Amino acid sequence: MNPRDTGFTPADGSATLADELRERHGRKSVRLGCEEGVCGSCTVLIDGQTARSCTVLAAQATGCEVRTAEDAADDPQLRHLQEVFWREHAFQCGFCAAGILLESRALLAENPRPTEEQVRARLAGNLCRCTGYQSIVRAVLIAADTLAIDPEPQPPTGPEHEGIGAPALRAEDRAFLNGDARYVGDLDLPGMLHGRFVRSPHPHARITGIDVSPALAAPEVVAVFTGADLAGTLNPIVVGCPLPGYTSPRFAPLESEQVRFEGDPVALVVATSTRAAEDAAERVVVGYQALDPVLDARACAAGDTTPLFEEMDGNVLYAEHRAHGDIEAGFAGAARVLRHRIRQERAQNSPLEARGGLAAFDPATGRLGYDVASQSPNSHRAFLAEVLGLSQELIRVRVPRNMGGSFGIKGGVYREDVAVCWASMRLGRPVRWIEDRREHLTAAGQARGEEVDIEVALDADGTIRALRAALIVDQGAYPVPPIASAVFVAIVRCLLPNSYRIPAYEFSGRLVLTNRTPYVAYRGPWEMATFAAERTMDLIARELGEEPADYRLRHLLPVCGPEPRTVTGALLTDLPQLGSTLWLGRSEAGVETFRKEQAGARSEGRLLGLGITTLLEPAPGPWSLSEAVGSHMGPEPVRLVLAPTGRLEIRTAQIPHGQGHLTTLSQIAASTLGLPLREIEVICGDTAEVPYSLAGTGASRAAALAGGAVLRASRRLRERLLTAAGLETGHPPHELDLAAGQVVSVANGSVLTDLPGLLRRHFDTPEGRARLDVTEVFDGAETGWAEATHCCWVEVDPDLGTVSIRRYVIIADSGRIINPAIADGQLRGGAVQGIATVLHERSGYGSDGRQLSTGLTEYLLPTALTVPDIEIVHLDSERPGDVPFRGLGEGGAVLAPSAVVAAVEDALAHLGIRLTERYLPPWRIRELLAAHQTDTVAPECR
Amino acid sequence: MKLPQIEYRSPVRLCDAVDLLAGSDQEAVPLAGGQSLIPLLAARARRPRVLVGLDRIDGLSYLTTSADFLEIGAMTRQRTLETDAAAAAPLLAAAAARTGHVSVRNRGTLGGTVAFAAPGAELLTAAVALDARLRLTGPGGDRECDLRSWITGPYTTGIAPGELVVGIRVPLRRGRSGQALQDLSHPIGGRPVACVAAVIDAEPDGTVRLAEITVSSRASAPTVVDVTARLADAEEAAAETVSLDGPAIAVETNGPPAAYCRDAARVLTRRALSQAITRARLLPEPRREVA
């Protein structure tokens, strides 16, 4: 495309090239991830050189040749890269793909045979939140190799076998590689308006007045709404909870009296363009009387703070206390007792695509359509219905075909969702809201940030007799529907003992309100449980002078006996091999050899460390775990419809946004029914089209529960097909198999009949078709455990405090792997997110409650230069029951922080340094070194 | 966020650009590569009425060597410096290569870097270390000054209203010289924490004639310390240039605190000095390999 021909007008003098390409040239592959020149998602080629098009004015590109991913048809190199990226499973959600494609294209044009280091350095300016970069870097290197041999792109060929266990090519990738993907920010409707929220600049303040008239007078503005407009037209937002003792405050989408965090929405401006809405939002005059921010969660838990909501007595939303075993005796007879306060900084999910939705109310029918980036459209629908006072049947929620990552944050239903839908209903026009990066970082939601006091009683030989844990979770200013964070408190209670034998266990947990951004679920919301458990094991082992991995091994839960359980009562029958990943990790790590290397390095002033940590992972966990928690997300429904043509539809409540569900669920059906993947279509993301479930994607449900439901439903279809084939051919059904769209003999593989023919003859009637329409609801009652062990080797620079990861190994047992390429991507992507929360990611707050990470220059996401290559070993152990799949999306993120912190501590332990915190930027390491005998560190070798 | 409505002008003659800038009383700002400015405009942190694009002005993008100077035009892209300046000014090329990412360097310019004066900027640190001269033009005509004295602090310079940076002149070093650049960013490849350039000029017999350390950090603008007579305490002298309570770094930040920037400056000085000494004394052609 040549912008020379497009005639930029002076009125658009300050439109960015990114907006110009997206809005006026339909180049939607140019994605807006930050609009601050950091993420690289909007990378384009200008005269063959890459640029971030959000930092270039369209006018500056006048007369230049501008190319985007949509130009691949005319560009063999770009096409070649697309094919290799597809074949190599380079991407997950695809939001970053077009930018990385173009940056790689430019690299190979300048340097046809780059080294891995050069690829990493080149791509370090393009953020990917899903993959951990390893798959992308590998794909670029392979593309360089193959281009050198054959410059003509070859269509990728998947593995011959496409069923369970095959690295089948993902059905998801074609669209985002070609630039055909459609994310929520790409949606458009005739007459659509654009919303922009006015947000509080104060962490805590009383609103003294709001004057919207200057904004209303601004050009292109259609309406400005405040809490006063909404009052009386909506039901209050209340977050329900199955756990007794939970209190939810009642609140509205827009605040009119008091703001409770920096970013709290107070008004919604609706205009005919995003820019006009943003301009006008700056003209809404809000008077604030600043109040002292409530930031001390511990003081809130103790009842020492002024309630943030008038109707509440204090700031405690939930408190629980449970004990298992004889805790008093455990402590009374202890040879020694260790106490630690373990804490974490807040971090953020921060998918490259922020939140957004497009509400379209039809006044003629009274129906509301809401297209939203959501992990659970049914839960969005239910919640919107409740607050808007509409019948659920009048609301249709759809998730766009593509969603740019989530990691938990889009599992929430937000006040902004309600306000945007309400505005569409009030105005009778479509209203779209796309969050910008600053809003996302400050106002969408943050995670982690918990604190736990651990008290552990030991026998003379160091064996754990009893453990007490007291947890405080900072909910921030508002609970986020639909799941009350009290559930996460209870999950931490159940998972804190991890894989270990703890005869007596006492837990207390409190969930409190503060003037921080609302707390949301983030990839493994129990991460604090694992971090606290693993920190505790390391700290005890160091106290005892024992090898930490060995200390863990001697505390592994016994899984013999008829009903092995965790101390909190969850059944472990699903994991007869519990501990195998730790045994293997201990051996893979070569601990003894490493200790020699470590000692040698120390004598040269170098600091090496090894951390080995392990995780018993609910994936999603048996019902007995849900019972122990006190909350259950329910079984997973799936509907399979086999057409008499032999084409299969899988309708699921799962919402893929990087995990490849379209592919993995199809593979399960393909294996069972002998169908090629191209004959299988997964339908998802539309409340009008999929079976009802409030759970959606989350809590590692897809593989085990949706996968299990697909497996069982396909088996039922298979039985029906084989019965019909048996009747027709005279063979007993067990002598028949389905393969490649045909009915074959098990004995000799001979083809007895083709599937479409069989279907036509026996099922092409109303009754027959009904028999090919199968709904299966799978509860996975006794299944659901996975486990993993991470081994991490680090080197700490004693002068600069920087930590570099020298090697990283994951040993995972997630049952049978459906697609190894997708599984590895999930493990790596998760681990990289966890690693980053130790080394550089932090949602910081000043002592005045002001947010310190308001852009991607302060909230530091991993880049291709900051992440290690991650080696993976799958154990794939056989599981009891008929569904062998277990989840693996969360464990990487959950276990990695403890492995990295353990490794750093191991490098510094000889100086007396013990770590009870997660966030360890170089300046923190320097502080620790300065406080602990830095004179024992040899000066740098010159 | 989107940029607000701002008038964009793209004069083809330098004098027209100066007229636009001078006539507007701070409401017009020059737009070079835009890599820092455009995000600031989108965040509405700066609100000019007019942007004066410099892309179309002839004669602002050049890299030439005269008898005594390497002459670099203000609109020379950082990427061009990285790839084309290695022979004449290896320290500048190395600093350019450490600036942002390729897609940023493709747009970002030398003049923009100098005029923006971001603390910790590698390219600015190198230009200051090499004692570059600055060429400016403005309503009062052309002038030339020392870059070192023109940079007055983080994000602040001696630029006069309506003035534009036209180029810099980097003195070519004669004789035996060693230069090295050491920088630390957080995380690796991210924003600079500190950047140190060491320049050593030596007599033919290897005696150090001049040793200068230029330090900049997230907390401080580039500052030159002459350590010729006190190589032994160069690290401390360099570290002291990092202000612990300067305006550039908030007391509370999500990034490195000033004390850490000072720590880093000390370590980087040690490393840069050692590298520069090695290069000045041992390498037959000292300017071939730097950083």
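The structure is a predicted model, in which local features need pLDDT of at least 70 and side-chain atom pairs count only at pLDDT 80 or more, while totals for chains, interfaces and linings use all residues. Residues are numbered from 1 along each chain as its sequence is written, chains are lettered from A and ligands numbered from 1 in the order in which they are written, and side-chain values use heavy atoms, with hydrogens and water left out.

**The interface**

Chain A contributes 60 residues to the contact and chain B contributes 46 residues, where contact means heavy atoms within 4.5 Å. The size of an interface is often given as the accessible area lost when the parts come together. Here the buried area (the accessible area, with a 1.4 Å probe, that two parts lose on being put together, summed over both) is about 4600 Å², and carbon and sulfur atoms give 50% of this area. M1(B), K2(B) and N254(B) supply 18% of the area that chain B buries against chain A, more than any other three residues.

| Feature | Value |
|---|---|
| Salt bridges between chain B and chain A | eleven |
| Residue pairs in polar contact between chain B and chain A, both at pLDDT 80 or more | 25 |
| Salt bridge of E282(A) with R47(B), N to O | 2.6 Å |

A salt bridge requires a side-chain nitrogen of Lys or Arg within 4 Å of a carboxyl oxygen of Asp or Glu. A polar contact is a pair of N or O atoms within 3.5 Å; within protein, one must be able to donate a hydrogen and the other to accept it, and residues adjacent in sequence count only if both atoms are side-chain atoms.

**A buried arginine**

R67(A) lies in strand β3 (residues 66–67) of chain A; strands (E, at least two residues) are DSSP runs, numbered from the N terminus. R67(A) has a relative accessible area of 17% and is therefore buried, as buried means under 20% relative accessible area (1.4 Å probe, protein chains only). Among the residues that R67(A) touches are D74(A) and D75(A).

**Aromatic rings**

Over all chains, the structure holds twelve aromatic pairs, that is, rings of Phe, Tyr or Trp (its six-membered ring) with centres within 6.5 Å. F309(A) and Y478(A) form an edge-to-face pair, 5.6 Å centre to centre with 80 degrees between the planes; edge-to-face applies to planes over 60 degrees apart. These two residues stand 169 residues apart, and both are buried. Ring pairs join F309(A) and Y478(A) with F251(A) and F261(A) in a cluster.

Methods: Helices (H or I, at least four residues) and strands (E, at least two) are DSSP runs, numbered from the N terminus. Buried means under 20% relative accessible area, exposed over 50%, partly exposed in between (1.4 Å probe, protein chains only). Rings of Phe, Tyr and Trp (its six-membered ring) pair if their centres lie within 6.5 Å; planes under 30 degrees apart count as stacked, over 60 as edge-to-face and the rest as tilted. Lists of a residue's contacts leave out its neighbours within four places in sequence.
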